Amino acid sequence: TVCVVGSLNLDLVTRVRRHPRPGETVTGEWTRTFPGGKGANQALAAARAGARTQLVGRVGADGNSYLAGLAERGVDCAAVLVTPDEATGRAIVMVDEQGENNIVVCPGANGHVTAADVDARAVISADVLLLQLELPVDVVRRAIDLAAAAGVRTVLNASPWSLSASELAELADVVIVNEHEAAALGPVPGTVCVTLGSRGARWLGIHVPAPEVQAVDTTGAGDAFAGTLAARLAAVAEPGQALHAAVTAGAAACCHLGPQGWALTG
Ligand code: ADP
């Protein structure tokens with residue numbers, strides 16, 4: 001089992017010819033609402049990679065069809081709470097013709113997750129606890145502490161980058177970062193897995209190149225990578241095999257619009 005304590009967002013996505021400069025207005029080609037949020041993206045990737053997956057987090061009153069869609073796709077959402085007087089977290093995403101994105105995240109209900117919301121049973125009964133940095137830092141810390149006390153392996157995707165990333169990274173067994181985050185992080189005691197975009201990823205001295213793909217939207221590629229790596233580790237795969245599966249999933253995630261490959265209507 002993989003337990004993901006993390007964020008759920010509704011992503012409002014538009015395609016632009018090129019990104020606007022500050023003060024500039026550009027025309028988007030269309031808008032669509034995609035399910036997103038690093039926690040949910042990673043949980044769905046773990047489920048698709050074959051792991052029993054439990055997600056812990058919060059949505060607003062507008063999050064029910066999102067949760068139903070995740071549950072239909074294999075993510076156990078029983079420990080996702082509803083904050084009735086907040087909106088589900090939102091991301092405003094612009095994707096350009098190269099598939100490069102610019103993102104603004106509004107935490108909404110994710111900002112209301114507390115350390116007390118972390119379902120201890122879900123954490124300590126897991127093989128792997130998977131975390132990101134889109135929830136309040138004390139929530140991430142509480143989840144790591146619970147897991148560490150129970151001997152559950154912890155995987156931290158130290159993204160989006162924050163000042164507490166280095167401190168939390170010291171507590172995790174495996175840290176997943178992209179190249180920018182790796183540079184900011186510096187050396188940590190656990191093992192660091194670095195994703196290299198179209199060049200694949202590197203972990204424990206192993207470099208796995210990515211398959212060449214026609215990227216249409218790279219949003220969520222790193223999340224597909226992290227969720228898949230966690231699922232393979234929960235299944236006790238060899239590191240090289242786990243890394244290969246994660247790189248393949250990351251590349252596949254670049255080939256569809258939206259981080260999870262499904263859309264919400266309305
Ligand atoms: P992030 O999206 O978190 O910044 P990366 O850009 O390093 O992370 O991408 C994460 C993973 O997604 C990579 O390790 C790779 O497997 C895959 N990936 C990302 N961009 C591409 C691409 N252009 N072509 C093929 N695979 C990609």
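L156 has V175 of β10 as its bridge partner. Strand β9 (residues 153-157) and strand β10 (residues 174-178) run parallel and share 3 bridges; strands count as paired if DSSP finds at least two bridges between them. Strands (E, at least two residues) and helices (H or I, at least four) are DSSP runs, numbered from the N terminus. The model is predicted: local features need pLDDT of at least 70, side-chain atom pairs count only at pLDDT 80 or more, and totals for chains, interfaces and linings use all residues. Residue numbers start from 1 along each chain as its sequence is written.

An open sheet of 9 strands has the order β5-β4-β1-β8-β9-β10-β11-β12-β13, with mixed pairing. From one strand to the next, the twist averages 20°.

Helix α2 (residues 64-72) touches β4 (53-60) and β5, and its direction makes about 170° with that of β5. Helix α4 (residues 137-150) touches β1 (2-5), β8 (128-131) and β9, at about 165° to the direction of β8. Angles run from 0 to 180 degrees between N-to-C directions, and axes are lines fitted to C-alpha atoms, for helices over the stretch in contact. Contact requires C-beta atoms, placed from the backbone, within 7 Å.

Helix α1 (residues 38-48) packs against helix α7 (residues 221-234) at about 50°, with axes 7 Å apart. The contact involves K38, N41, Q42, A43, L44, A45 and A46 of α1. From α7 come D223, A224, A226, G227, T228, A230 and A231.

Notes: Contact = placed C-beta atoms within 7 Å.
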